[in-house]
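Morning, everyone. I have one structure to show you today. Please take a look at it before I start.

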Amino acid sequence: ALADPVEMQRRLFGALSRMFSEEVPLYERSLLVNGGATSLSVLARRYPRFAITPEQLESASAERHGAIRIGTPEEYRWVSRFFGLFGMEPHNFYDMTNVGAKSQPIKATAFRSSRQPAHRVFTSLLETSCFEAELRSRIEEALASREVFSARAKELVTRGTANGGLSEDEATELISEATGRIFKWTGRARNRELYHELCEAGLLIVADIVCCESHHLNHLTPNTFCIDLYTASMKRALGELDAEAFRAKATKALGMLVKQASHDWLILHFKHLPPEEIDALVEGEVEPTFIEEQVEQLRRRLDEGDLKLSNLDHSGFKDHTEGPPCDTPLLLRQDAYKALAEPIVFEEEGHRAEVMHRARFGEIEQRFYATTEAGRALYDRCLADAMAARATHASVEQGNSEASDEIYAKKFADFPKTLPELFEKDLAFGLARPTPQGLKAAAAGSIATSNLAELMRLGYVRIDGVRYEDFLPVSAAGIFASNLKQYGTHTGTSSKAADGQPILEGIMGRQIVDSMATAREQQETA
């Protein structure tokens, strides 16, 4: 019997999380911070009958998104086939060579399940065509001698691909290959001269891809229910916020949560709960004193010894959250603690040298509604205006991050702030679901219209939002840049990756799924 790919995927990411916890103590502690900042008590106050079991919370909290950087088309082909055995398909094409000041010489896709994805891996491929001939030749020569997949791993992947899956024992063995070699941080590197040359040229991501021994995880991101509360909590734990500043930011975050946590919001964030159960929840009152109590309780927890992250090696936290502002529930918001300075060792020609390297960081994310084509176009325009406004007010940013965030948020004023408004204006996808009242009317034959807006007005149909399951190129590039203190890359040539998606599909031997087309199809079917 063949192992279930979805169960294999669950086991793989559990193993990767344990591996990353051992490699990066700050990651393990950040999960504890996230657990303390779940805001479930505030939601239970907002909806007195709201409850989630420990098993349901674990299911929601175990979701992860990883990121890896691959050096060669041949390595990328093996990675694609590896993820295929875990039921993960490539979704969307990301050209990171063309995102303005944050551009990087990579192209990417994200591997995940097509339906109800729990995990995803943003998988980049170095675009060597971005470099001038001499440097390109040296990079490709350095990568050509690297063997990340062992012979046994290749055998398992080849057999599983041919047989349509792996046995339980084979699945266990392949997961061990993943944590023991394929994605494992070894702290070993090669080609010291090339490494230093790339770093001095500002090509830090390229140095990480080319000179490290394996394509290690750069991060393994959990999801959160209130990213602004998590960010404030991490900054407090890292010693970047005093108690008063933490209280102010946490109180503001929970106040926004109370405002945003509609039935639609709950259905989006707690997909393991039946939507009909959420529909039946009755709203309660959340008093300001209750929020104050919750903030103070969280502050005390963050000040306990095991969450004193300031005692661990760290590089601080990002200045700004990537993505839309906190009042605009679209797409994806991301933040991170910055890349750690970690030793890597070069052993060449009998000489051993150790240098400090930055590659691995601690991202966090909160996912919101998937936008339609019109919604994404509007988002991209708002984002460009917001980034330009923030850059223009750089002096404000240096002295007052909140003022800078307000300047940024104003550029998103054109966006509605609730799902019904977003859906009505065709800015966000939605799935129609009949209400009990609608089912009763249908059984009685008393429905005289098929117009969706009218059915919604009559209370016969309600709309559930579609969660955004993918990535934002500018946000991803911003995360890369801020973590490496490298805003944009000058590669020495003006050429960019041409026809990138067909080339990447050819490398993988698989078509890339268009997530927006899939969401549109889901909406029309519903």
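Predicted model: local features only at pLDDT ≥ 70, side-chain atom pairs only at ≥ 80, totals over all residues.

Now the overall build. The protein has 24 helices and 12 strands. Its radius of gyration is 24 Å, close to the 24 Å that the globule rule gives for 526 residues, so the protein is as compact as a globular protein of that length. Along the principal axes, the C-alpha atoms fill a box of roughly 80 × 55 × 45 Å.

Next, confidence. Mean pLDDT for the protein is 88. Of its residues, 93% reach 70 or more. Where is confidence highest, and where is it lowest? The highest is in helix α7, residues 151-163, at a mean of 96. The lowest is in helix α17, residues 394-399, at a mean of 53.

Now the helix pair. Find α1, residues 5-23, and α8, residues 168-182. Their axes come within 10 Å. They cross at roughly 30°. An angle under 35 degrees counts as roughly parallel, and α1 and α8 are therefore roughly parallel to each other. The crossing of α1 past α8 is right-handed.

Which residues meet there? From α1 come Met8, Arg11, Leu12, Ala15, Leu16 and Met19. From α8 come Glu168, Ala171, Thr172, Ile175, Ala178 and Thr179. By class, this contact of α1 with α8 has eight nonpolar, two polar and two charged residues.

That's it from me. Thanks.

Note on methods
Residues numbered from 1 in each chain as written. Heavy atoms only, no water. Axes fitted to C-alpha atoms, helices over the stretch in contact; angles between N-to-C directions. Helix = DSSP H or I, 4+ residues; strand = E, 2+ residues; numbered from the N terminus. Parallel < 35°, antiparallel > 145°, perpendicular 65-115°, else oblique. Left-handed = near helix turned anticlockwise from the far one by under 90°. Contact = heavy atoms within 4.5 Å. Nonpolar A, V, L, I, M, F, W, Y, C, P; charged D, E, K, R; others polar. pLDDT = per-residue confidence, 0-100. Rg over C-alpha atoms; globule rule 2.2 N^0.38 Å.
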